[in-house]
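Please find below a short note for discussion among colleagues.

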Amino acid sequence: MTAMEKVAWTELSVCVLTVVMVTALYPWLGNSASGAFGFLGFIACGIFFLRGRGKTVVIDERDREIEQLATRRGIETAWMVLFMTLIAIVLWSSFANDEVVPTGLLSWLIWVQFAICYGVKGFVAVRFYRSQRRAAQ
Amino acid sequence: MPRNSEPTLDNCIKELRSAEESMTQQALADHVGVTRQTIIALEGGAYTPSLALALRVAKVFDKSVEELFWLDD
């Protein structure tokens, strides 16, 4: 497993754990459960895998290629979800004749965007590494 | 990264490496500046290298790029 594959696994695991934690805390804490999204900060722990080890190459062109593709997919998905959610909010406001959007909802939206972006990025990268490994066998 | 519809590159790196004494995947990876996993993907035909990497690999075996890589139609 390359260093970047470990980073991708870290991103994916942290995102999944964070979403599980937020979902578990929501019944008790309500909107305050969004504070658990702060655990997304543990994604930064992936940097420990990128420490240099003598002359051994840690990241190469294949890793960079997969990283670029995964990042693009993550950002695209996050934008897609953002637009669809905003459209849903506008539609809901129109049908319910309620023009007020709670600010708490916007806060949730931002956090969910981060979780989706890094979650999809990690998932796509992991999937590419696995498919390449399988194809090479 | 090759898509399903694109032709992939086939190569004879594994055969050439086996012919060279004590040339492990790690040794080749260190020579050309990539990770061992990239050499594994390259040998298995799962990864299409950049031109720079193809040239570096060709230089290690003292061959031309065309001798090392060809289109798998």
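The points below concern a predicted model.

1. Helix 1 of chain A covers residues 3–29, 27 residues in total. From its first C-alpha to its last, this helix reaches 37 Å, close to the 39 Å expected at 1.5 Å a residue. Helix 1 of chain A is followed by A:Gly30, which has a positive phi near 65 degrees.

2. The buried residues of helix 1 of chain A include A:Ala3, A:Met4, A:Val7, A:Leu12, A:Val14 and A:Val22. Also among them are A:Glu5 and A:Glu11, together with A:Thr10, A:Cys15 and A:Thr18. Helix 2 and helix 3 of chain A are the elements against which the buried residues of helix 1 pack.

3. In the contact between the chains, chain A contributes twelve residues and chain B 16 residues. On the side of chain A that touches chain B, helix 2 (61–96) and helix 3 (103–136) of chain A each supply at least two residues. Helix 2 of chain A gives the largest share of that side, four residues. By class, the side of chain A that touches chain B comprises five charged, four nonpolar and three polar residues.

4. Within chain B, helix 2 (residues 25–32) and helix 3 (residues 36–43) pack with their axes 8 Å apart, at an angle of about 105 degrees. The two helices of chain B, helix 2 and helix 3, are therefore roughly perpendicular to each other. Helix 2 of chain B brings B:Gln25, B:Gln26, B:Leu28 and B:Ala29 to this contact, and helix 3 of chain B brings B:Arg36, B:Thr38, B:Ile39 and B:Ile40. Four of these contact residues are nonpolar, three polar and one charged.

Note on methods:
Residues numbered from 1 in each chain as written. Chains lettered and ligands numbered in written order. Predicted model: local features only at pLDDT ≥ 70, side-chain atom pairs only at ≥ 80, totals over all residues. Contact = placed C-beta atoms within 7 Å. Nonpolar A, V, L, I, M, F, W, Y, C, P; charged D, E, K, R; others polar. Axes fitted to C-alpha atoms, helices over the stretch in contact; angles between N-to-C directions. Parallel < 35°, antiparallel > 145°, perpendicular 65-115°, else oblique. Expected span 1.5 Å × (residues − 1). Buried ≥ 20, exposed ≤ 12 C-beta atoms within 10 Å, placed from the backbone.
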